[in-house]
Amino acid sequence: MKTDPGITIDSNPPKVEPQKNRWGTIGILLFLVIFVSFFASRLEFVLGKTPSIM
């Protein structure tokens, strides 16, 4: 099998910026925590407090 000398293979792929990726992950997690907390507090208002037996 012959290879064409005019074709070069780039052995150094572009690096992904880990800083931007990490901030995106933190942002998504923070959004989910706030979203779940909001609906949990709304659910508490709808259901009310559990009455005590004593």
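The following dialogue examines how the terms applied to this predicted model rest on their cut-offs.

Trainee: What do the values rest on?

Mentor: The model is predicted, so local features need pLDDT of at least 70 and side-chain atom pairs count only at pLDDT 80 or more, while totals for chains, interfaces and linings use all residues. Residues are numbered from 1 along each chain as its sequence is written, and side-chain values use heavy atoms, with hydrogens and water left out.

Trainee: How many helices and strands does the protein chain have?

Mentor: The protein chain has 1 helix and 0 strands. Both are DSSP runs, numbered from the N terminus: helices are H or I with at least four residues, strands E with at least two. Helix H1 covers residues 18-47, and Ile28 lies in helix H1.

Trainee: Why is the pair of Phe35 and Phe39 called edge-to-face?

Mentor: Rings of Phe, Tyr and Trp (its six-membered ring) pair if their centres lie within 6.5 Å; planes under 30 degrees apart count as stacked, over 60 as edge-to-face and the rest as tilted. Phe35 and Phe39 lie 4.9 Å apart centre to centre, with 65° between the planes, so the pair is edge-to-face. These residues are 4 apart in helix H1, which means a separation of about one helical turn.

Trainee: Why is Phe35 called partly exposed, and why is Ile28 called exposed?

Mentor: Buried means under 20% relative accessible area, exposed over 50%, and partly exposed in between (1.4 Å probe, protein chains only). Phe35, at 43%, is therefore partly exposed, whereas Ile28, at 54%, is exposed. Phe38 is partly exposed at 46%, and Phe39 is partly exposed at 46%. Buried residues make up 0% of the 54 residues in the protein chain.
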